[in-house]
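Visitor: I would like to learn how to read the features of this model. Where do we begin?

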Amino acid sequence: MDVETNRQRAMERRDFGYYEARNRGCYRDVKSKDITSCKGNASILQQLRDQDISLQVLTISDHADQYFCCFVIGEGDDIGWLGYFIGKSKYLEKLRIFSWGEGQNTEAFIIDGINHNQSINSLRIGTDLRGVSFRNLRPFFRNNNNLYQLEFNFEVGLECAESIAFVLDENRCQSLESLRFEDCNLGEEGFAVIATALRTYPELEELHLQHNNIGLMGCIALRDMMRGWGASNLKTLDLDGNAIGDQGLQALLTAMTNSTLEQLYLSNNLITAVGLRSLSDYFQSESCCLKTLNILGNDFGDEGAVALADILMGNKSLTSLHFISHQSGITNAGWAAFSKLLCDPSSINSTYLSNHNIGTIGEHEMLGTPFNIRRYLDLNELLDRRHAAIHKILKSHPDLDMEPLFVYKLKCLPLVAAWFRTSIQLCSDEVGSWKESVPELESRELSAVYKFVRDMPLLVSDGYWTNVLNESRAKKQRLQEEKRKLEMMLQRADENEKCAMKRLRR
C-alpha cells in the first residue's frame, strides 16, 4: 500500500492523519475564515502552527476568558484543525477544556490532538466527556513524560471513574504531582476505584478531592491508598465537602502519622469535638509537619475548641488554624482555651511553654478573633519562638518572681541581667500591637536584681566570709608546710653540729 493511498484513507476518516496530509499538501490554500469563526481563533491557530513560544496556556471554551488565551468555539470552527495543531505544538504547556463544541465528534478531534502532544504538563477537563471513554486518552498518558497536573471539574459517574482509574493504573505517569477532582461527586464507590489505582503514585504532592461525597468508605479507601505508598511526598490533601464524620477522620489518622502532609482541608464536613480530639497523637508526634488546618463549616463548639487547644500544646509545626467562630459554635469559653494555648499566665514556665508558632486562628483575616488573642498571634507571626516568649512573659508577669532561681544561688544573677538586656533591646521596638518602654524595662531589671540582694543577704555575706575562711586556711596550710621544712632543716643542722663536735674531740 503506497503513501498516497494511506493519505487518501486518512483524509476520508478526517482524523489526525487527515489534517497532517492536508497540512503537508495545501494548507496555504486553506483560508482562516473558512475554518474559524473569528479573528481570535484564527490567530491562535496561526500561533500553534508557527510554534509561537509565547502561547503556553490555552483554554477551549464557548465563551471568552479574560485571564487566559481562549479559543472560543463557535459556528464555523473546524475543531479538527485545532486538535491537529495542539498535537503538533512543542511549546503548549497548559490546556484547559471547558467545551467540546456543538459539532459531531468534536471531542474526538481534540482528544486525537492531545494524544499526539508531548509538551503539555497540565491538563484540565472541565466539561462532560459526552460518552467518550477516558480510555481514548491512553496514548497521551503513555507517551507524555511531562504531565505533572491533572484536573477534572465535571460530574464523573462510576463508569467514567473506572475509565480514569484504568488509564492511571495501566499507564504509570511518574511525572504526575498534582491530581484534582473538584465538584465531581465521585461518591464512595467512584473514589474507591480511583484510590486503588493511585496506590502506585507515591510521588503525588497534591490531592484535591473537594465536594465528592466520599464519606466513611472513601476515607478508608484513602487510608489504604496512603498506607500502600509507605514513604510519600504528599504535602496537600483537600477533603472539603465530603460528608466526612468523626469515624472518617479517625480512619485517615492511621495513615497520616508518618506522612509529610503540610496542608489539610476538612471544611464543610461533619466533624465534631470527638474527631478533633482524636488528632492528639498526630499533633504531638515529633514527625508532624502540618502547617495549615482548615475546618470551616464544622460545628464542633466550645468542646472542640478546648480539644484543639489541648492537642496543639507543644506542637511546633501548625501555623494556621482556620474556622468561622459563629459557624463552629464557639463562645467566650472556647476562645479562653485558645488564649491559654497562646499564653498560659499561671507561671513563668507555663508561659514559656505556651504555643509560640501558630500565627492564625479563626478566619483568614481573623475578623472574628478576639483582640487579645490577635495580639498574641501577632507576636507569633512576627517573632521567633524565643523572642515571642520573652514578650509574653513580660506582659503576663509584671512582677517577676526570682525565688525559684535562689536554689542556684548567685549563679543565675548574670543570666537574669543578660535576659533583661535582651528584652530591652527586643521590646523597645513596637511589634504588632505590643510596645514596652526602655525606662520601664530597666526599672524591672533593677527590681529583679534587688530581689536577689534583698532576699539573699546571708548568702551574700556567707559568700564573703567563706572566701576569707578558705584563703586563711590555704595560707595556714602553706605556713605549716614551710614550718615543717624549717624543722627538718633545723634537725639536720643539729645532727651536723653534733657530728662535727664529736670529731673535734678525737
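Guide: With pairing. Two strands pair if DSSP finds at least two bridges between them. Helices (H or I, at least four residues) and strands (E, at least two) are DSSP runs, numbered from the N terminus. Here, four bridges join β4 to strand β5 (residues 149-152), and the two run parallel. Within that pair, R124 stands opposite E151 in β5.

Visitor: What sort of model is it, and how are residues and side chains handled?

Guide: This is a predicted model: local features need pLDDT of at least 70, side-chain atom pairs count only at pLDDT 80 or more, and totals for chains, interfaces and linings use all residues. Residues are numbered from 1 along each chain as its sequence is written, and side-chain values use heavy atoms, with hydrogens and water left out.

Visitor: Which strand order does the open sheet have?

Guide: Strands of a sheet pair through backbone hydrogen bonds, either parallel or antiparallel. This open sheet has twelve strands in the order β2-β1-β3-β4-β5-β6-β7-β8-β9-β10-β11-β12, with parallel pairing. β2 (70-72) and β12 (360-362) stand at the edges with a single partner strand each, so one side of each has no neighbour in the sheet. On average, neighbouring strands are turned by 5 degrees against each other, direction ignored.

Visitor: How many bridges join β1 to β2?

Guide: Three bridges link strand β1 (residues 57-61) to β2, in parallel. There, S61 stands opposite V72. β1 also pairs with β3 over four bridges, again in the parallel sense. L58 faces L95 across that pair, standing opposite it. Next, strand β3 (residues 94-97) joins strand β4 (residues 122-125) by four parallel bridges. I97 has I125 as its bridge partner in β4.

Visitor: Which hand does the unit of β4, helix α7 and β5 have?

Guide: A crossover is right-handed if, with the strands pointing away from the viewer, the path from the first strand over the helix to the second runs clockwise. β4, helix α7 (residues 138-143) and β5 make a right-handed β-α-β unit.

Visitor: How many salt bridges are there?

Guide: Side chains of opposite charge can pair when their charged atoms come close. The rule is a side-chain nitrogen of Lys or Arg within 4 Å of a carboxyl oxygen of Asp or Glu. The count comes to nine salt bridges. One of them joins R138 and E170 (2.8 Å, N to O). R138 lies in helix α7 and E170 in helix α8 (residues 158-170), so the pair ties together parts 32 residues apart in sequence.

Visitor: At what angle do helices α18 and α19 cross?

Guide: Axes are lines fitted to C-alpha atoms, for helices over the stretch in contact (heavy atoms within 4.5 Å). Angles run from 0 to 180 degrees between N-to-C directions. The axes of α18 (residues 371-382) and α19 (residues 385-396) come within 9 Å and cross at roughly 150 degrees.
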